[in-house]
Amino acid sequence: MAEQIKEPVFIVTSKTSRKMLPQFMEWRGRTYQFIHLGLHHTTFDGDILIHIFSMVTKEANFQISLNTKTLLWTLEAIETV
Amino acid sequence: MTQEFTSHPPTTMYIDINSCFATIEQQANPLLRGKPVVVAAYRTGNGCILAASVEAKQYGMKTGMRVYEAKHICSSLVVLLPDPEKYRYINERLFTLLQSYSQRVQIQSIDEMIVHMDETPEFTKNILSGRSAVESMVKIAKEIKERIREEIGVWITVSIGIAPNAFLAKTASNLKKPDGLETITESNIEQVLMSLTLTDLCGIKKGNAARLLAHGISTPLAMYGTSSDTLQHAFGSIIGRYWWLWLHGWEVGSVYAEKSHVENKSFSQSCSLTRHTLPKDHATIQVVYQLVAKMAARFRGDGFVAYGVIAGASFTDRTFWQKHTKMTTPFYATEDIFFLTQSLFQHAPVKPIHTVFVGVYDLKANLYAQLTCDEVELKKIARTQAIDRIYARFGQDAITTAVTLEASQKIVDRIAFGKNSL
């Protein structure tokens, strides 16, 4: 079940061989460590490129987005089974 | 008349992403992997299932089933709504990957592509190293499967069919799912057709099967062994001749023809109404306006103007109505198309609508090419261009008209079936 969140979050990323990957997320005072990337895809909001990462922790799947104009991260949704 | 199987090598590859939408959702969310998942138009009981995961298919769930029927089979079923952006992205990634093998890649639908490998460096390299055409194609297909896993997603599998033409390649891709790799050549065509029924052939459903049965053709193998004239007689048209050629590995007709988007003959949008309103109801008009605005932005985006407009509806009593009109001067502005569709809807039967659709046809690729001194026309061009610039910069939802303000139903992004519709 997916819960829409749409809140700004703080993300720590790693960068290896031209690929950037979110590693940690701070949201509502708690830090989440991502263990796996499910899917990375892109979309456009008008002419702004948005990167969307589906990141997995032990408990849930987090859909986070990076606005390439503002460079702000947003937690879009949380999916649990 | 050619009476033999084609001598063309099996260089056509048909690639079909298994359980496309559901598999992509499982790729995005690893917690869903190994679980029965369906992607449905709506989560409610009557929502139509668009794709079922491999696990859900093992329970007997399939495309077209209702959510309540599927939940009756498996109560722990995960029902997801479609995310078209994700599917389009995977489609683009697959297209790019396949283009690294051949420049002749055809997108058949969101999850199906055809690759023509003849005369490509990869195929030629394999042939020059001593492999047969079939061996070369199988080697390339295995490499493509591996690259899909590595570069697109580990959970995404494809079934690949290899044959001398697209029809047989598609038939081959349907032989084993998921993760199949099958070849149809002259040496095994009879064996393959023996294992199929008439309706297993893509393009033959109840009607065509009945036509063939009336001429004593009850199996694909019998169809294969029948003369071209008999098939032409059975189908009552040149289509019968095409069927004979397709089964014998020849590439003919328009079904699998390589097309460019320039050959688009029409654009259309349709939507099922959540409330079954009447044609002249304000709620219907709001939906029609949204459909027109979306369609107009699409065909203007491709540089077209249109001369014809069509409007139609299917009603809750399962009847259907449509009307079209053709103009002598071209149109492109959203308000003009909306005005024309509204005048067409004045003739619609006053009955609750199930699905409404609008379309434009008779297209010419010369948007804004006509010079004019008419001040009204110049203002319309400037206004339409400004609207399209706003759409391009801020997205389609950035501006709307007063007609659609407070619309009870907003048109959501959907993936249509077929080519040129992604």
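**Notes on chain B of the predicted model**

1. Starting with Tyr59(B): beyond its neighbours within four places in sequence, Tyr59(B) contacts Pro36(B), Ile73(B) and Cys74(B) (contact: C-beta atoms, placed from the backbone, within 7 Å). Tyr59(B) sits in the loop between helix 2 (54-58) and helix 3 (67-73) of chain B; helices are DSSP runs of H or I, at least four residues, and strands runs of E, at least two, numbered from the N terminus. Tyr59(B) is partly exposed, since 15 other C-beta atoms lie within 10 Å (buried means 20 or more, exposed 12 or fewer, partly exposed in between, with C-beta atoms placed from the backbone).

2. Some housekeeping. This is a predicted model, where local features need pLDDT of at least 70 and side-chain atom pairs count only at pLDDT 80 or more, while totals for chains, interfaces and linings use all residues. Residues are numbered from 1 along each chain as its sequence is written, with chains lettered from A and ligands numbered from 1 in the order in which they are written.

3. On to the sheet: it is open, with three strands of chain B in the order 3-2-4 and mixed pairing (to pair, two strands need at least two DSSP bridges between them). Strand 3 (49-52) and strand 4 (78-80) of chain B are the edges; each has a single partner strand, so one side of each lacks a neighbour in the sheet. From one strand to the next, the twist averages 30 degrees (axes are lines fitted to C-alpha atoms, for helices over the stretch in contact, and angles between N-to-C directions run from 0 to 180 degrees).

4. Strand 2 (residues 37-40) of chain B runs antiparallel to strand 3 of chain B, and three bridges join them. Within that pair, Val38(B) is opposite Ala52(B). Helix 1 of chain B packs on the sheet and touches strands 2, 3 and 4 of chain B, its direction making about 120 degrees with that of strand 2 of chain B.

5. Val38(B) turns up again in the largest nonpolar core, which has 74 residues; Val38(B), Met13(B), Val115(B) and Ala169(B) have the most contacts inside it. (A nonpolar core is a set of buried Ala, Val, Leu, Ile, Met, Phe, Trp, Tyr and Cys residues joined through C-beta atoms within 7 Å.) Helix 6 (residues 133-152) of chain B is the top contributor, giving seven residues. Domain 1 (20-85) and domain 2 (90-247) of chain B each supply at least three; the bounds come from an automatic or database domain assignment.

Methods: Contact = placed C-beta atoms within 7 Å.
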